[in-house]
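Please report on the fold, the charged pairs and the helix packing of this protein chain.

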Amino acid sequence: MLDTVSRLMAIKSKHNILNSCFNDITELVSEVIPSDHKLPKNLYFAKKMMAGLGMKYEKIDVCPSNCMLFWREDDKLGTCRHCGKSRYIQVKNEAGENVNITVPAKQLRYMPIIPRLKRLFLSMKIAKSMRWHKERKRGSQSEDVMVHPADGDAWKALDEFDPEFARDPRSVRLGLATDGFTPFSTSASPYSYWPVFIMPYNLPPEMVLKDEFIFLALVILGPEHLGKNLNVSLHPLIEELKQLWTGVKAYDSYAKKNLTYVPHTSGQYMIYRPMAILLDGL
Ligand SMILES: [Zn+2]
């Protein structure tokens with residue numbers, strides 16, 4: 001059921017299917033399959049089911065001039081502390097009267113990376129691949145050939161900078177990249193956004209830049225370039241990276257099956273720390 005629903009959702013996203021169309025499809029499928037099926041009857045229930053997978057994201061209101069986030073201790077503020085602009089847009093009805101509805105002027109979409117990093121280690125196959133950068137066999141390949149960032153000097157410099165971090169092959173090495181996008185058209189539309197991606201570089205070359213291993217962490221809205229205020233929007237991600245730096249417990253399904261790989265920390269749990277090695281477009 002979960003497989004079917006996730007594939008249906010993927011088809012919806014790929015072909016940009018309308019919500020009403022999705023509901024019609026699920027209704028038709030429900031009619032032709034045996035009546036004791038457990039398929040969700042519409043998009044609402046399908047989304048509810050997928051939410052259980054932990055793919056949740058957070059919507060954080062941002063000052064229209066990108067000075068600050070209305071987040072944590074500032075969550076209750078109605079205007080920006082720096083420029084005084086309102087957090088909300090005033091909505092008017094057809095008669096031009098103000099309506100008492102709060103619509104945020106700008107929002108940041110934030111998808112936490114810790115649950116996704118933890119999930120990598122829940123799959124035995126992927127957990128094994130996360131050690132590739134350290135445990136791979138070079139075979140006939142020359143030491144001079146660079147096939148992965150692990151062959152580069154920057155990676156080796158990080159190993160020297162923190163030998164304790166480098167000792168465990170599962171210590172996650174993260175890359176971070178962002179760039180401005182103008183969706184739907186090339187230059188005519190002034191609208192743009194900055195997706196921020198996180199990539200775990202532990203994986204082998206054939207996996208590391210596959211879609212499923214490039215995590216979208218933030219969607220920062222434009223339209224104008226944020227300049228130094230890009231830092232403001234990166235705040236939730238930086239907080240999470242700091243949390244990872246002090247250590248986060250995760251279950252390693254590969255170590256559990258193979259006693260040779262008993263982690264040096266505590267039993268079948270391990271603590272990993274990330275390290276950003278690539279900054280692009282910032
Ligand atoms: Zn402001």
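**Overview**

This is a predicted model. The protein chain holds 11 helices and 11 strands. Of its 282 residues, 39% are buried. The accessible surface comes to about 17000 Å². Carbon and sulfur atoms account for 56% of that surface. Take the contacts between residues at least 6 apart in sequence: 59% of them join residues at least 24 apart.

**Salt bridges**

Side chains of opposite charge can pair when their charged atoms come close. The count of salt bridges in this model is 13. Three of them are set out here.

| Pair | Closest N to O distance |
|---|---|
| Glu 135 and Arg 131 | 3.7 Å |
| Arg 173 and Asp 159 | 2.8 Å |

Is Arg 131 buried or exposed? Arg 131 has a relative accessibility of 2%, so it counts as buried. Glu 135 sits at 31% and therefore counts as partly exposed.

Asp 252 lies in the loop between strand 9 (248-251) and helix 11 (253-257), and Arg 131 in the loop between helix 5 (124-129) and helix 6 (132-135), so the pair ties together parts that are 121 residues apart in sequence. Both Asp 252 and Arg 131 are buried.

These residues belong to a wider group. Arg 131, Glu 135, Asp 168, Arg 170 and Asp 252 are linked in a network of salt bridges.

Next comes the pair of Arg 173 and Asp 159, with its closest N and O atoms 2.8 Å apart. Arg 173 lies in strand 6 (residues 173-178) and Asp 159 in helix 7 (residues 153-161), so this bridge ties together parts that are 14 residues apart in sequence. Arg 173 counts as buried because its relative accessibility is 1%. Asp 159 has a relative accessible area of 24%, so it is partly exposed.

**Helix packing**

Two packed helices are described by the angle between their axes and the distance between the axes. Helix 1 takes part in both contacts described here.

Which helix does helix 1 (residues 2-14) cross at roughly 115°? The partner is helix 3 (residues 43-51), and the two axes come within 10 Å. This crossing is left-handed. From helix 1, the contact uses Leu 2, Val 5, Ser 6, Met 9 and Lys 12. Helix 3 supplies Leu 43, Ala 46, Lys 47, Met 49 and Met 50. By class, the residues of this contact are 7 nonpolar, 1 polar and 2 charged.

Helix 1 also packs with helix 2 (residues 19-32), at an angle of about 145°. Their axes are 11 Å apart. The crossing of helix 1 and helix 2 is right-handed. Leu 8, Met 9 and Lys 12 of helix 1 meet Asn 19, Phe 22 and Thr 26 of helix 2. This contact has 3 nonpolar, 2 polar and 1 charged residues.

How values were computed: Residues are numbered from 1 along each chain as its sequence is written. This is a predicted model: local features need pLDDT of at least 70, side-chain atom pairs count only at pLDDT 80 or more; totals for chains, interfaces and linings use all residues. Side-chain values use heavy atoms; hydrogens and water are left out. Helices (H or I, at least four residues) and strands (E, at least two) are DSSP runs, numbered from the N terminus. Buried means under 20% relative accessible area, exposed over 50%, partly exposed in between (1.4 Å probe, protein chains only). Contact means heavy atoms within 4.5 Å. Accessible areas come from the Shrake-Rupley method with a 1.4 Å probe; for residues, only the protein chains shown count as cover. A salt bridge is a side-chain nitrogen of Lys or Arg within 4 Å of a carboxyl oxygen of Asp or Glu. Axes are lines fitted to C-alpha atoms, for helices over the stretch in contact, and angles run from 0 to 180 degrees between N-to-C directions. A crossing is left-handed if the near helix is turned anticlockwise from the far one by less than a right angle, and right-handed if clockwise. Ala, Val, Leu, Ile, Met, Phe, Trp, Tyr, Cys and Pro count as nonpolar, Asp, Glu, Lys and Arg as charged, and the others, Gly among them, as polar.
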